[in-house]
Number of protein chains: 4
Amino acid sequence: MINRVVLVGRLTKDPELKYTPTGVAVANFTLAVNRPFSSQDGNREADFINCVIWRKPAENVANFLRKGSLAGVEGRINTRNYENQEGRRVYVTEVVADSVQFLEPRNSGGQQSGGSSYGEENNYNQNRKPNNNQNNNRQDDDPFAGGSQPIDISDDDLPF
Amino acid sequence: MINRVVLVGRLTKDPELKYTPTGVAVANFTLAVNRPFSSQDGNREADFINCVIWRKPAENVANFLRKGSLAGVEGRINTRNYENQEGRRVYVTEVVADSVQFLEPRNSGGQQSGGSSYGEENNYNQNRKPNNNQNNNRQDDDPFAGGSQPIDISDDDLPF
Amino acid sequence: MINRVVLVGRLTKDPELKYTPTGVAVANFTLAVNRPFSSQDGNREADFINCVIWRKPAENVANFLRKGSLAGVEGRINTRNYENQEGRRVYVTEVVADSVQFLEPRNSGGQQSGGSSYGEENNYNQNRKPNNNQNNNRQDDDPFAGGSQPIDISDDDLPF
Amino acid sequence: MINRVVLVGRLTKDPELKYTPTGVAVANFTLAVNRPFSSQDGNREADFINCVIWRKPAENVANFLRKGSLAGVEGRINTRNYENQEGRRVYVTEVVADSVQFLEPRNSGGQQSGGSSYGEENNYNQNRKPNNNQNNNRQDDDPFAGGSQPIDISDDDLPF
DNA sequence: TTTT
DNA sequence: TTTT
């Protein structure tokens, strides 16, 4: 039983960070991955793949990725289903990421034109927990501090 | 832009083989991939991943895999959407396989109890094209002929 | 920075289990992965890929895999180099496995004809530590106990 | 039998492009992939993974990648061996790429300081064939023409 | 023989 | 130094 996914693509929107009632961080984002071939009508298309990441790396994703950011994802395909408000069963297929790689140099990536993506009217970190982590894990507070290489925001620590 | 998936799991049902109006074979099947961890209520769960494969390998899948067969899949995640009969947009995420590996020795795999899966009342190959292929491609007519190793039913030939 | 490998193949020999001076288990094995195409002289060939796995899963590999066993590996490519006895630098490329999947039903896999592979004259577990694990990890003592599905012998616990 | 590799890293040197006696292009390059963890002595290390790519994409690699370029690779692990001049058998493990992704915006990637990497005194394309391709394949002559997304320089065409 |  |  093997279930392994590797993706490189761009975020279609700023990631959404939430916390479970017990305080576990979870971030959702969608990766647009351009197809390497054209459709019969001749234009290039993309797959839009929903991704989820938990715990500390979720906070890193929310802090360092924006709409348009180029990112790499390693994870597995997760399927689940639930009953919606009309009593209909909805089937969901998404990628649960183990780690996310930020593949752009700082101040370079994505659509941040006008800087609006970083504006305080932004809602991507609405219910953010105060960032009082003592940082004894693999990630730096500022993953850009260490040089100009892409950043590994993976994290296997259990912060809760 | 990278989009790569590798799965090993078991078919939840016999594969479904169809042909497009222009005669292109396409097979659909769902792979159950057991998760390597248990849910909070303590039982092992699985992901049920819809897969599609086209052309000659689709016919091989229909011929050599059954409900319960252990199979390996290499492919990419494909997303698409369509409007259903109620006018609602339905979003689909599935794996488009480049190749499928049959990971069981002949006469060993899956649920073939009573042999019913191979019975002629079976509908898995209902609208089969006559198998008049001259077979100058990488797959043997009988992939089991060559020994007892797992069978590669991948195919990059363009039969149409 | 992404480095991900997925392999399914057969062990060319019984795995070799060793322990570091500090008592950490490490198993080495080679996976023969048949190529999906033939060479110009018409015969099928294989890649022989050296794999390493650490800690508890190393012991599981030594216990449950044999020459000829069909196994799945997830891991990363590791490169290292050392100076050999003639003072020459030797470059090594191998796969460090995060997890290994046993893809054969019990009593079915590999070449165990004559049962010799399990005999006490075997040397695959020569310097085995006594198996006094209290087993509070994800793997059962008997991974076959749970049914007939392939076994996940991955392990993220830190046993030391 | 599955053998799948996905890498994202930086070229340690300009790629080397050669042609076989029958005129088939082949490029070699090494990818440095930084490890997501530190060694016991506290510094970050990398794996240096030798890669090979054939035919048209080999020419694209030679044209668009340089020392320091960030690239994604999909492929398989290949093992081979040969006898060296001292009559000793040498074992080689490398990645044969199906496709390579250029992950940097134009005029941004790698070490091209002084533009010297593109200078005509460069030797990375010494025995280049004249680039008289009629280009009816998936790649544009100028992969940068189509916008600012990463470039897929994969190619399954058989140019010979 | 290594990249940022 | 290779598996089925």
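Seven bridges join strand 1 (residues 2-11) of chain A to strand 1 of chain B, and the two strands run antiparallel. Strands here are DSSP runs of E with at least two residues, helices are runs of H or I with at least four residues, and both are numbered from the N terminus. Two strands count as paired if DSSP finds at least two bridges between them. Within this pairing, V5(A) stands opposite V5(B).

The model is a predicted one, in which local features need pLDDT of at least 70 and side-chain atom pairs count only at pLDDT 80 or more, while totals for chains, interfaces and linings use all residues. Residues are numbered from 1 along each chain as its sequence is written, chains are lettered from A and ligands numbered from 1 in the order in which they are written, and side-chain values use heavy atoms, with hydrogens and water left out.

Chain A is a place to begin. Its secondary structure comes to one helix and seven strands, in the order β-β-β-β-α-β-β-β from the N terminus on. Of its 160 residues, 51% count as buried, where buried means under 20% relative accessible area, exposed means over 50%, and partly exposed lies in between (1.4 Å probe, protein chains only). Contact means heavy atoms within 4.5 Å. Among contacts in chain A between residues at least 6 apart in sequence, 64% join residues at least 24 apart.

Helix 1 (residues 55-64) of chain A is largely enclosed by the rest of the structure, because eight of its ten residues are buried. Among the buried residues are P57(A), V61(A) and F64(A). The buried residues of this helix pack against strand 2 (16-19), strand 3 (25-38), strand 4 and strand 6 (89-102) of chain A.

Chain B shows how strands pair within a chain. Strand 3 and strand 4 of chain B run antiparallel and are joined by ten bridges; the bridge partner of S38(B) in strand 4 is R44(B). The hairpin of these two strands has five residues between the strands, and there G42(B) takes a positive phi near 85°. Strand 4 of chain B is also joined to strand 6 of chain B, by two bridges, and these strands run parallel. C51(B) stands opposite V95(B) in strand 6.

The contact between the two chains takes 28 residues from chain B and 28 residues from chain A. The area buried between them is about 2,300 Å², of which carbon and sulfur atoms give 53%; buried area is the accessible area (1.4 Å probe) that two parts lose on being put together, summed over both. M1(B), I2(B) and T79(B) supply 26% of the area that chain B buries against chain A, more than any other three residues.

Across this interface there are 14 residue pairs in polar contact, with both residues at pLDDT 80 or more. A polar contact is a pair of N or O atoms within 3.5 Å; within protein, one must be able to donate a hydrogen and the other to accept it, and residues adjacent in sequence count only if both atoms are side-chain atoms. On the side of chain B that touches chain A, strand 1 of chain B gives the largest share, nine residues.

Four salt bridges also cross the interface of chain B and chain A, a salt bridge being a side-chain nitrogen of Lys or Arg within 4 Å of a carboxyl oxygen of Asp or Glu. One joins R76(B) and D47(A) at 2.6 Å, N to O. D47(A) lies in strand 4 (residues 44-54) of chain A and counts as buried, at 1% relative accessibility. R35(A), E45(A), D47(A) and R76(B) are linked in a network of salt bridges.

D47(D) forms a salt bridge with R76(C), with the closest N and O atoms 2.7 Å apart. This pair crosses between chains, from strand 4 (residues 44-54) of chain D to strand 5 (residues 70-83) of chain C. D47(D) is buried at 1% relative accessibility, and R76(C) is buried with a relative accessible area of 11%.

Within chain C, E104(C) forms a salt bridge with R10(C) at 3.1 Å between the closest N and O atoms. E104(C) lies in the loop between strand 6 (89-102) and strand 7 (151-152) of chain C and R10(C) in strand 1 (residues 2-11), so the pair ties together parts that are 94 residues apart in sequence. Over all chains, the whole structure has 44 salt bridges.
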